[in-house]
Amino acid sequence: MDNREIILDVKNLNTSFVSEKKKTRIVKNVSFQVKRGTTLAVVGESGCGKSVTMNSIMRFLGRNAIVEADSIQYNSLHDDQVKEYHLEKYEKPNCAEMRALRGPEMSMVFQDPMSSLNPVYKVGDQVAEGLLEHNKGMSKKEAREKVLEMFRKLGIPDPEERIDSYPHQFSGGMKQRVVIAIAMICNPELIICDEPTTALDVTIQAQIMELLKAMQVNEGKSIVLITHNMGLVAEMADEVCVMYMGRVVEFGSLEQIFDHTSHPYTQALLRSVPVLGLADGQKLETIPGSTPNPADLKGGCEFADRCPFCTDACREKDIPMFEITPGHRVRCLKFQDSPEVM
């Protein structure tokens, strides 16, 4: 598969944090690809490394973070020409090369709109900021028209009036639309959505996801959706990346993950999802045990203490990924007769 079909290719990403002179690895040898014009869902429990992985790629981490990778390749496609960007070479998070990519090429929608918006600036000015930064010849009047156009596209009512409002004058759903407008205003090819509907009620969640899906389908955008909501995954995703304790434990198409679930963690995750029609008295299944402290892990499978299929071999060494069917990869010794993959 050539780089016209792949927009983001991550190989062996590792992210560690240094605290009190102690280095703790949080993201461990994460590899995945995002196909152009598709949606990749990254799922797992809170604290499994989903957000840290994507913030590592976007370089939104603090100074105590150490990001290392064999390669993080972003492939920009314009006028049928591909330009490769090797993000692992950008040593400083806010270097000019990285700032030039954020906005016009790749952007991020954060899960908490209140912390993403500055309360003392008008929302229109906050959306226009990226436009003016990346289009030096654009006037403020032209930027305002672009913002109004984006507000109309995102269904923000009375855009001519609301463009001069402050964040506190918007509801939660409308604030999230403004955050999406900030991410979309420079027309990026890749949008990373970090739990974009967490703080919203169910009706507004559906509206926001419909907006994102429409942009992906109608404009050919590529989306990475970080979530623990398996219902959203079933509705939105083309491919699914399941993470546990900083590792990818299963990767495949939506059908492979839902219809041929293979890793014990993914199986447990799906069994714990509420379903309509649950019989009276029937309890939801839970995953036994608790998530270990990353600093206490000594090697082997991180899920071993919670896995009903665990053997001594699972605790002795790091488990590689095995490809059990084309495109369907699992990190589990149950499948060690299948070929290993990176």
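This tour moves through a predicted model, from its sheet to a helix pair and a few single residues.

**Before you start**

Residue numbers count from 1 along each chain as its sequence is written, and side-chain values use heavy atoms, with hydrogens and water left out. In this predicted model, local features need pLDDT of at least 70 and side-chain atom pairs count only at pLDDT 80 or more, while totals for chains, interfaces and linings use all residues. Helices (H or I, at least four residues) and strands (E, at least two) are DSSP runs, numbered from the N terminus.

**Stop 1: the sheet**

Select the strands in the order 7-8-9-3-10-11-13-12-14. These nine strands form an open sheet with mixed pairing. Two strands count as paired if DSSP finds at least two bridges between them. Now go to the edges: strand 7 (106-109) and strand 14 (340-341). Each has a single partner strand, so one side of each is left without a neighbour in the sheet.

**Stop 2: strand 10**

Select residues 239-244. Six of the six residues are buried, so strand 10 is largely enclosed by the rest of the structure. Buried means under 20% relative accessible area, exposed over 50%, and partly exposed in between (1.4 Å probe, protein chains only). Colour the two faces separately. Glu-239, Cys-241 and Met-243 lie on one side, and Val-240, Val-242 and Tyr-244 on the other.

Leu-40 has Glu-239 of strand 10 as its bridge partner.

Tyr-244 stands opposite Arg-247. Strands 10 and 11 form a hairpin with two residues between them. Stop at Met-245 in the turn: its phi is positive, about 50°.

**Stop 3: strands 12 and 13**

Select residues 321-325 and 328-330. Strand 12 and strand 13 pair in the antiparallel sense over three bridges. Glu-323 stands opposite Arg-329 of strand 13.

**Stop 4: helix 7 on the sheet**

Show residues 172-184. Helix 7 lies across strand 7 and strand 8 (190-194), running at about 170° to strand 7. Axes are lines fitted to C-alpha atoms, for helices over the stretch in contact, and angles run from 0 to 180 degrees between N-to-C directions.

**Stop 5: helices 4 and 5**

Select residues 123-134 and 140-153. Helix 4 and helix 5 pack at about 115°, with their axes 9 Å apart. That makes helix 4 roughly perpendicular to helix 5 (angles under 35 degrees count as roughly parallel, over 145 as roughly antiparallel, 65 to 115 as roughly perpendicular and the rest as oblique). Contact here means heavy atoms within 4.5 Å. Helix 4 contributes Val-123, Gly-124, Val-127, Ala-128, Leu-131 and Leu-132. Helix 5 contributes Lys-140, Ala-143, Lys-146, Val-147 and Phe-151.

**Stop 6: single residues**

Go to Asn-12 in strand 1 (residues 6-19). Its phi is positive, about 55°, although Asn-12 is not a glycine. Asn-12 is buried, at 15% relative accessible area.

Next, Asn-29 in strand 2 (residues 22-35). Phi of Asn-29 is also positive, near 50°. Asn-29 is partly exposed, with a relative accessible area of 29%.

Finish at Met-230 in helix 9 (residues 230-236). Met-230 is buried, at 6% relative accessibility. Show Val-43, Phe-258, Leu-269, Leu-270 and Val-273: Met-230 touches them, not counting residues up to four places away in sequence. Met-230 and Leu-269 are 39 residues apart in sequence and 8.8 Å apart in space, C-alpha to C-alpha.
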